[in-house]
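Reader: I'd like to learn how to read a protein model. Could you walk me through one, feature by feature?

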Amino acid sequence: MKHIGILGGTFDPIHRAHLALGRAAHDAFSLDYVLIVPSGNPYFKTTVGNVTSIRYRSAMVKLAIAGDPVYRYSDIETSRSGYTYTADTLRELTRRHPEDHFSFITGADALYDMKDWYQPEVIFHRADIIAASRASQIDSEK
């Protein structure tokens, strides 16, 4: 059984903070690796504005994690048509890998909004949640 972290996002673009979050979760929770999952057609970004083509976002992610054994790239969302939802991704991952244990990695700010996500009960049932504070949140809470 492997313990796999899932770090999803639009990654428009992927940046050092994303990678630092994944590495911190990997190290703190003894994950076997962190699966980087770019969102294909994120439902929550359609009203915000344009999202860079998945072709370019995928290329950026692959370049950012190249040669780093902590990370693996997944096209599980980018290969699906329609909107992409974390609940559906976790259903598919646990179907494909029933013997593995999954932890969904997110910022604490997103954790507060998870109740409004598509089928949050599926997310909490299929994965542990690893939530990290952002430096700006820590500073504002002092």
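Predicted model: local features only at pLDDT ≥ 70, side-chain atom pairs only at ≥ 80, totals over all residues.

Reader: Which ring has the charged end of R72 over it?

Author: That would be the ring of Y33, with 3.8 Å between its centre and the charged end of R72.

Reader: Okay, let me step back. How many helices and strands does the chain have?

Author: Six helices and five strands. Starting at the N terminus, you'd read the elements as β-α-β-α-β-α-β-α-α-β-α.

Reader: And what share of the residues is buried?

Author: Of the 142 residues in the chain, 37% are buried.

Reader: What should I look for in a core?

Author: Look for buried nonpolar residues joined through their side chains. Here the largest nonpolar core has 15 residues, and I6, L35, L93 and F102 have the most contacts inside it. At least two residues of this core come from each of β1 (3-9), β2 (33-38), α3 (86-96), β4 (101-107) and α5 (120-126). Apart from this core lies another one of 13 residues, including L7, A25, I36 and V61.

Reader: Which residues does F102 touch, leaving out those up to four places away in sequence?

Author: F102 touches I4, I6, L93, T94, H97, R126, A127 and D128.

Reader: Now salt bridges. What's the general idea?

Author: Side chains of opposite charge can pair when their charged atoms come close. A search of this whole structure turns up five salt bridges. Take R95 and E92: their side chains meet at 2.6 Å, N to O. Both sit in helix α3, three residues apart, which is about one turn of the helix.

Reader: Which other arginine meets E92 in a salt bridge?

Author: R96, at 2.8 Å, N to O. R96 and E92 are about one helical turn from each other because they are four residues apart in helix α3. Put together, E92, R95 and R96 are linked in a network of salt bridges.

Reader: Last topic: rings. How many aromatic pairs are there?

Author: Two. Y85 and Y118 make a tilted pair, 4.1 Å centre to centre with 35° between the planes. Y85 lies in the loop between β3 (71-73) and α3, and Y118 in the loop between α4 (108-113) and α5, so this pair ties together parts 33 residues apart in sequence. Y85 counts as buried, at 19% relative accessibility, while Y118 is partly exposed, at 34%.

Reader: Why is the pair of F104 and W117 called edge-to-face?

Author: Their planes stand at 90°, with the ring centres 6.0 Å apart, so the pair is edge-to-face. F104 is in strand β4 and W117 in the loop between α4 and α5, so parts 13 residues apart in sequence are tied together. F104 is buried, at 5% relative accessible area, and W117 is partly exposed, at 23%.

Notes: Residues numbered from 1 in each chain as written. Heavy atoms only, no water. Core = buried A, V, L, I, M, F, W, Y, C linked by side-chain atoms within 4.5 Å. Buried < 20%, exposed > 50% of the residue type's maximum accessible area, 1.4 Å probe, protein only. Contact = heavy atoms within 4.5 Å. Salt bridge = Lys/Arg side-chain N within 4 Å of Asp/Glu carboxyl O. Phe/Tyr/Trp six-rings, centres within 6.5 Å; stacked < 30°, edge-to-face > 60°. Lys NZ or Arg CZ within 6 Å of the ring centre and 35° of its normal.
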